[in-house]
Every structure is written in structure tokens, then in C-alpha cells.
Amino acid sequence: MRSDIIIVFAVLCLLVITLTDAKRPKPSKGGNGGKGGKPSKGGKGGKGGHSSEETETAPSAGFGIGKGKPSKGKGKGKGKGKGKGKGKPKPPPYKPTTVAPTTTLSGSCNCDVEAIKAAVLADISATITNLERELNATATQLKNISEPDVFSCKRMSGFSNETVPVPYTACDVSKPLGLVDISTGKFTVQRDGTYRLTFTSRMSAMNGQTIRADMYVNGVRIGRASASLDTFDTQTNTSSTTILDLETSNTLDLLYDLKAGDEVYMMIDYVGTTSLIQSSMNYQIFFTGEWIRT
């Protein structure tokens with residue numbers, strides 16, 4: 001009987017302790033300070049029993065009254081919490097907006113389809129015309145670059161006539177054909193542009209005289225090659241009385257802007273009666289021209 005009472009007492013104590021722990025507040029998380037625990041109440045004293053006078057083993061039916069002092073529970077709870085929160089507030093939930101159509105769509109429209117087609121075709125036609133014009137201009141430029149007008153004519157014998165342009169025996173190059181009339185010595189321009197023009201000749205200045213070869217465009221002189229002897233003696237400040245002849249090859253080389261229809265040719269100008277430009281079967285007189293660019 002005594003052992004049963006002890007067991008019951010022990011179970012009651014465990015229940016009290018368990019309930020006390022369950023009621024004890026847990027320390028708070030960061031932020032607010034924790035609250036202290038409440039002091040526990042003392043347990044109740046058990047009732048004492050009277051033992052039987054007749055026998056020590058038989059339990060008595062009576063019970064004694066026992067007194068016990070309640071225990072003082074001590075509980076201290078300390079909690080310190082520091083918490084700082086940083087962060088942007090969450091944006092409000094996205095709500096899509098729907099724009100109401102301003103017009104009511106239907107399967108057809110009240111429009112002049114033929115007029116629209118005509119306007120579109122007119123725009124396309126104008127665009128095609130412009131593209132064709134640009135394409136043709138580009139093609140012409142490419143042709144000019146790849147196939148420039150060029151000529152090279154030569155003379156086999158000498159020439160001394162001051163009244164007519166220098167004629168030629170033949171042309172080694174003429175693209176296209178007929179650029180130079182060899183009988184008149186004139187180059188007729190067929191294409192606008194900048195040309196390189198040259199004239200090379202063996203020039204004979206006889207008896208101390210001077211001979212010149214001049215290039216003309218439509219009767220206007222644009223260049224000159226000259227050969228002469230300087231008979232003045234700077235040391236004696238006198239002119240030499242010795243009669244000398246000069247044989248030299250001179251070249252006139254220049255670039256010039258020409259228009260279609262222009263005529264280019266060479267003429268000689270000399271002092272005396274025996275000066276001339278000379279050549280032979282080795283060809284020492286040449287007249288050349290080449291289209292460079294527009």
C-alpha cells in the first residue's frame with residue numbers, strides 16, 4: 001500500500017513539473033525582449049497513515065494527516081532580442097490593363113479598293129523607275145571604267161608645216177575605232193571626262209634656232225613643248241657666233257577636262273626655215289590620249 005502511494009505521489013510530481021515547463025514562456029526571437037518565467041508553486045504534502053497495532057503487515061483502514069511545506073519555485077527568464085529589418089516592400093500584384101478598341105472591327109471596310117491599288121501601283125512604278133535610272137547610271141560608270149576611250153597614233157616621217165595640224169601614219173590603239181582622223185591629225189572627243197594627253201617627238205632646232213610643238217583644243221592652245229639652244233654666254237656677256245644644231249626628244253604630258261565633240265590636235269611652230277620635227281621607220285612621233293574619269 002505504501003509503495004502505491006509513493007508511486008502515485010511521484011506521478012503527481014512529474015505531472016506538476018511537466019505542466020510547469022509547458023506553461024513557461026519560451027524566449028522570444030530577435031526584436032522584443034523575453035518575459036521572465038513565473039515561480040512554480042510548492043507541491044502538496046501527502047497524507048500520513050496510521051499503522052495497525054495488531055499486526056505490522058496488515059494495513060490500517062485509517063489515514064494520518066501529514067503536513068508538508070510548499071516548495072518555492074524560482075524561475076528567471078531573460079530574453080534580449082535585437083532585430084533590424086531591411087528590405088523594400090513588395091510591389092503590388094500586377095494587374096494587366098486592357099485597352100478597349102476605339103473602333104469596331106469587322107470583316108469588310110467601306111473603301112475604294114481599286115483606288116488604293118492604283119495608288120500603291122503608282123508608288124511602286126515610281127520607285128522602279130528611280131531604281132532603273134540609278135542602275136543604268138551605275139552600269140554606264142562601270143562600262144566607262146572598264147572600257148575607257150584610249151588611242152595611240154604615230155608618224156613615220158618628219159614634218160615642218162606650220163599651217164596645219166600634224167597628221168599621222170597609223171594608230172596602234174583606237175578604242176573605239178575612229179577616235180583620231182589620221183589624215184587631219186584631230187582627236188574628236190566622244191565621251192565627257194578628264195583625259196591624259198601626250199605628244200612625243202624628236203625635235204630638230206637647226207642653225208641655233210627654236211622649234212615648238214603646241215597642243216590645241218578647238219583652236220585654243222593648252223600646252224607647249226620647246227627645244228632651243230641658248231647661245232648667250234653669261235661669262236662674256238655676249239652671244240656665241242658659232243652656229244649649232246640641236247637634236248632632242250621632248251614630251252608634252254598633261255591632264256585636261258574635255259567635252260564630247262571637242263577637237264584636240266598638234267601644231268608646230270619654229271624659227272627659221274630648216275627646223276622640224278623628225279621621225280623615221282623607228283617611229284619617233286607619238287600622239288596619245290586616255291579617258292581617266294568623269
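## Salt bridges, core and loops in a predicted model

Arg 196 and Asp 253 form a salt bridge, with their closest N and O atoms 2.6 Å apart; a salt bridge here is a side-chain nitrogen of Lys or Arg within 4 Å of a carboxyl oxygen of Asp or Glu. Arg 196 sits in strand 5 and Asp 253 in strand 10, so this pair ties together parts that are 57 residues apart in sequence. Strands (E, at least two residues) and helices (H or I, at least four) are DSSP runs, numbered from the N terminus.

This is a predicted model, in which local features need pLDDT of at least 70 and side-chain atom pairs count only at pLDDT 80 or more, while totals for chains, interfaces and linings use all residues. Residues are numbered from 1 along each chain as its sequence is written, and side-chain values use heavy atoms, with hydrogens and water left out.

**The protein as a whole**

- The protein has 13 strands and 2 helices.
- Of its 294 residues, 23% count as buried; buried means under 20% relative accessible area, exposed over 50%, and partly exposed in between (1.4 Å probe, protein chains only).
- The accessible surface comes to about 22100 Å², and 56% of that belongs to carbon and sulfur atoms; the areas come from the Shrake-Rupley method with a 1.4 Å probe, and for residues only the protein chains shown count as cover.
- Taking contacts between residues at least 6 apart in sequence, 69% join residues at least 24 apart, where contact means heavy atoms within 4.5 Å.

**Salt bridges**

- The count comes to 10 salt bridges.
- Both partners of the opening pair are partly exposed: Arg 196 has a relative accessible area of 39%, and Asp 253 has a relative accessible area of 39%.
- Asp 214 is buried, with a relative accessible area of 2%.
- Arg 224 forms a salt bridge with Asp 214, the closest N and O atoms lying 2.6 Å apart. This pair links distant parts of the chain, with Arg 224 in strand 7 and Asp 214 in strand 6, 10 residues apart.
- Arg 221 also meets Asp 214 in a salt bridge, at 3.8 Å from N to O.
- Arg 224 counts as partly exposed at 36% relative accessibility, and Arg 221 counts as partly exposed at 45%.
- Which residues belong to the network made by salt bridges that share partners? They are Arg 212, Asp 214, Arg 221, Arg 224 and Asp 269.

- The largest nonpolar core has 33 residues. Such a core is a set of buried Ala, Val, Leu, Ile, Met, Phe, Trp, Tyr and Cys residues joined through side-chain atoms within 4.5 Å.
- The residues with the most contacts inside this core are Phe 187, Leu 197, Phe 199, Met 215, Met 266, Ile 277 and Phe 287.
- Strands 1 (150-155), 5 (193-205), 6, 7, 10, 11 and 13 each supply at least two residues of this core. Strand 5 gives the largest share, 5 residues.
- Thr 198 is found in strand 5 and is buried, with a relative accessible area of 12%.
- The side chains of Thr 198 and Thr 288 are joined by a polar contact of 2.2 Å. A polar contact is a pair of N or O atoms within 3.5 Å; within protein, one must be able to donate a hydrogen and the other to accept it, and residues adjacent in sequence count only if both atoms are side-chain atoms.
- Leaving aside residues up to four places away in sequence, Thr 198 touches Met 215, Leu 252, Asp 253, Phe 286, Phe 287 and Thr 288.

**Asp 262, a buried charge**

- Asp 262 lies in the loop between strand 10 (246-258) and strand 11 (263-270).
- Asp 262 is buried yet has no salt bridge, and the nearest side chain of opposite charge, Lys 259, is 7.9 Å away. Lys and Arg count as positive and Asp and Glu as negative; His and the chain ends are not counted.
- The side chain of Asp 262 does reach the backbone nitrogen of Lys 259, at 2.8 Å.
- Not counting residues up to four places away in sequence, Asp 262 touches Phe 187, Thr 188, Val 189, Val 217 and Asn 218.

**Backbone geometry in loops**

- Asn 218 has a phi near 55°, a positive value in a residue other than glycine. Asn 218 is in the loop between strand 6 (210-217) and strand 7 (220-228), and it is partly exposed at a relative accessible area of 46%.
- Tyr 283 has a positive phi too, near 60°, and is found in the loop between strand 12 (276-278) and strand 13 (285-293).
- The peptide bond from Lys 175 to Pro 176 is cis, with omega near 0°. Pro 176 is placed in the loop between strand 2 (170-175) and strand 3 (180-181).
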